[in-house]
Amino acid sequence: MTESSAIIQACRHCGDVCTGNNVNEEGIAFCCEGCAAVYKILHGGVPISADSYAELDNDVLAKQFMEHKSDNAVRYRLYLPDMYCANCVWTLEQMQVLDEGILHSEVDFIRKLIRVTINPQKTSLRKVAQLLSSIGYPPHLSDEENTEQATNANRLTTRKLYARIAVAAFATGNVMMMSIARYLAGAGGLDSSLQTVFIVLSVAISVPVLLFSASPWLTAAFVSIKHRKVSLDVPVALGITVLFGRSLFDIYSGTGEGFLDSFVGLVLFLLIGRLFQLKAFNSISFARTYKSFFPLSIRVRRNSTTTVVPIGEIVIGDRMEIRNGETIPCDGVTTSSNGYIDYSFVTGESSPVEVINGSIVQAGGKVIGKGLRVVAVKKSSQSYLASLWENHQSNSKQNSTTDNSLAQSSYLKLSDSFGLYFSILTLSTAIIGFVFWLPNVAMAFNVFTAVLIIACPCALTIAAPVTLGTAMSSLSKFGVYVKNISVFVEIQKISNVLFDKTGTLTHAGVDVKYSGRALSAFEQSTIASVAAQSVHPVSRSIAATAAHISVVDVNENIGQGISGSVNGTVIKIGRLGYVTESPLPNEIGTHVSINGEVVGKYEVESKLRSGVDALVKNLRAKYQVSMISGDSTAEAPLFGGCFSDTEMHFNNAPDEKREFVKQLQRSGASVLMVGDGLNDGLAMMASNVGIAVTDSAGTIVPACSIVMPANKLQFLSEILTYSNTLHKIIAALFAFTVLYNLVVVSLALMGLITPILAAILMPLNSLLVIGVSVFGARIAARSITWA
């Protein structure tokens, strides 16, 4: 084919127009051999065998890493032990650029996890694993809940790092020994043949340091540049390659002996610094124990008896009874005639899915309307349920009139936006220093390399995740679980604290008193059995009044009541208008009808939780406080010591609670909603920060940002103060980082810091930031006097 007839194409690497003449063996067009070579390096990465990760083609094994599956998308979770620092986040969250079959990738930096959503028609889990391995992040094929396997993976990562250090240390010792020999030979120099041998050996020994020991920085920088981004690894990689390339040039041109001793020493100390960082991170108890995370329980039918068991004790074959509003803890098969499941917790799709007898249901779905009976076909994964909670973002929050996007507030995003500007500034400063020291070429190169290596934005990339991650760990020891570090950012903006009443300010296990016509033992059991299908505190109290029997056709209307059929007897429990199916005014109490006849009502005798009076008083010093409830004003006197009449709002249905929150936000308020996640779920979803207070944590509340035990509610004010203290620690570290960079870069520009000294100082700064972050967060946590 002649040049005039060549097909015009875009170069796969740089995007420039090129002809089809220059095509590699896979039929991909490049404008030049250079682009073809760079593309091969970037996309080849670490050589991967065609048979690697072949076991992931096995559907049974692949399902162990699957979180959700639909027709066009599958989400997998993989553990990446080689994720060292916040700089890795950017590379791993650009996976969709490397493989068009990848729809989305999201990194959990704290637990070294990546969640990858793929189009199964275009790629596979095996290809994803191979791609991750090729760019330097080989996945460890185990569930992160398996502590032993995760520990082994960390050991493997550490051994690989030790191997890189060993190569660099061997090279440093030998290259320096030959450099010393040349130096001691004096003006006369060494014999020319011996001089040549030493030079050749030094170069030969240094090449593995460049290709193997320095590969973490080079690979990350190549991937970044390939996609026309400038990550924080680019300056370090550039400093390494410039020092090596300059040494080869000096040796080849005969203008000098090069700086290979400085090059290998630089890489050695960078690796030692990374080792210390790795050990520092591993020593921090970031990973919350998911065996105790969410003390969830579920009703299970065993040996003709219904019992409540922790979800971690569910075994395959257990017959679970899942009530309205409860989350399905594990994959299973329904045995109920029909029902509906809300999978928005898992997929983000809000349309309920109808299931019938024999339908397969997935963990994370929430039962709505009538309860379901489900046979477990897989053990529960509490870490998976927790991850759903952590990653949940409701459409209501995203569409709020205020900027509630927690993800956009995350400090982790700062590395991505800041990396480009910091790297450009560092490169500009290094070039200025290089030009300033000319014609002293040796000093110019030293200054250029030292500036690139020593400039460190550590506080901007690790201070926040380490500080806030430590805070999450410290709070979890007392049963207070925070969704993600962004929650701490949102807490800073809070101006209004809004409390739900029942189950939040009052004890969930309320006392109930029945009044009405006399009930037979069978009627008492039927009422208690229907009430047991609900997780509402009043229903649970009614359920405890009698023994239970089988219930069918259960249907719960949130904020109104619940109904069910027992041996043909239809029971309705709830508001008077609900049980009579007529627009009657709501009277005090929870009414009961049997086969359409109102037989009586249960009246609640609420009791305030311990410390509520003092809590509201402490919060009022900084925030606007109020209470909202769906109940009548009958219990207003109980709260008279806490709230004024204008701060108490009664007779509000769930959607009215949500509207109340939105009204506050429209007036400029940032709202913290505290409730039990039942009738206040909509309000919590609309709020800026939601706290779910729970006695036995029978449900997961997707909309909440924090889960805390009810007996710790009295410490809410101290928790909010603790959150504000964390930001002061981070601000101090930011200021320290700015001062550090000004000082050390100035010294480097003056020629007072060599590249090797720069390699020593850079990790020391990181370790100092980590130490202050952890120590500060833990000391501040001790100010909360948990009683």
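Biologist: Which residue in β6 stands opposite aspartate 108?
Modeller: Let's start with the strands: these are DSSP runs of E with at least two residues, while helices are runs of H or I with at least four, and both are numbered from the N terminus. β5 runs antiparallel to strand β6 (residues 113–118), and 6 bridges join them. Opposite aspartate 108, β6 places leucine 113.

Biologist: Good to know before we go on: what kind of model is this?
Modeller: Residues are numbered from 1 along each chain as its sequence is written, and side-chain values use heavy atoms, with hydrogens and water left out. Local features need pLDDT of at least 70, side-chain atom pairs count only at pLDDT 80 or more, and totals for chains, interfaces and linings use all residues, as the model is predicted.

Biologist: Is serine 105 buried or exposed?
Modeller: Serine 105 belongs to strand β5. Contact means heavy atoms within 4.5 Å, and leaving aside residues up to four places away in sequence, serine 105 touches Leu92, Glu93, Gln94, Met95, Gln96, Ile114, Arg115 and Val116. A residue is buried under 20% relative accessible area, exposed over 50% and partly exposed in between, using a 1.4 Å probe and protein chains only. At 3% relative accessibility, serine 105 is therefore buried.

Biologist: Moving to β4, which residue there is the bridge partner of histidine 68?
Modeller: β3 and β4 form a hairpin with 4 residues between them, and they pair in the antiparallel sense over 3 bridges. Histidine 68 has as its bridge partner in β4 arginine 75.

Biologist: And which residue in β6 is the bridge partner of arginine 75?
Modeller: β4 also runs antiparallel to β6, through 6 bridges. On β6, the partner of arginine 75 is threonine 117.

Biologist: How many residues of strand β4 are buried?
Modeller: In a regular strand the side chains alternate between the two faces of the sheet. In β4 both faces are covered, with Val74, Tyr76 and Leu78 on one side and Arg75, Arg77 and Tyr79 on the other. Strand β4 (residues 74–79) is thus largely enclosed by the rest of the structure, its buried count being 6 of 6.

Biologist: Now the helices. At what angle do helix α8 and helix α9 pack?
Modeller: Helix α8 covers residues 215–226 and helix α9 residues 233–253, with axes 8 Å apart and an angle of about 120°. Angles under 35 degrees count as roughly parallel, over 145 as roughly antiparallel, 65 to 115 as roughly perpendicular and the rest as oblique. That is why α8 is oblique to α9, at about 120°.

Biologist: Which residues of α9 make the contact with α8?
Modeller: From α8 come Trp217, Leu218, Ala220, Ala221, Ser224 and Ile225. On α9 the contact is made by Asp233, Val234, Val236, Ala237, Ile240 and Thr241.

Biologist: Which residue with a positive phi follows α5?
Modeller: Helix α5 (residues 125–134) is mostly covered, with 9 of its 10 residues buried, including Leu125, Arg126 and Val128. Following α5, with a positive phi near 100°, comes glycine 136.

Conventions:
Axes are lines fitted to C-alpha atoms, for helices over the stretch in contact, and angles run from 0 to 180 degrees between N-to-C directions. Two strands pair if DSSP finds at least two bridges between them.
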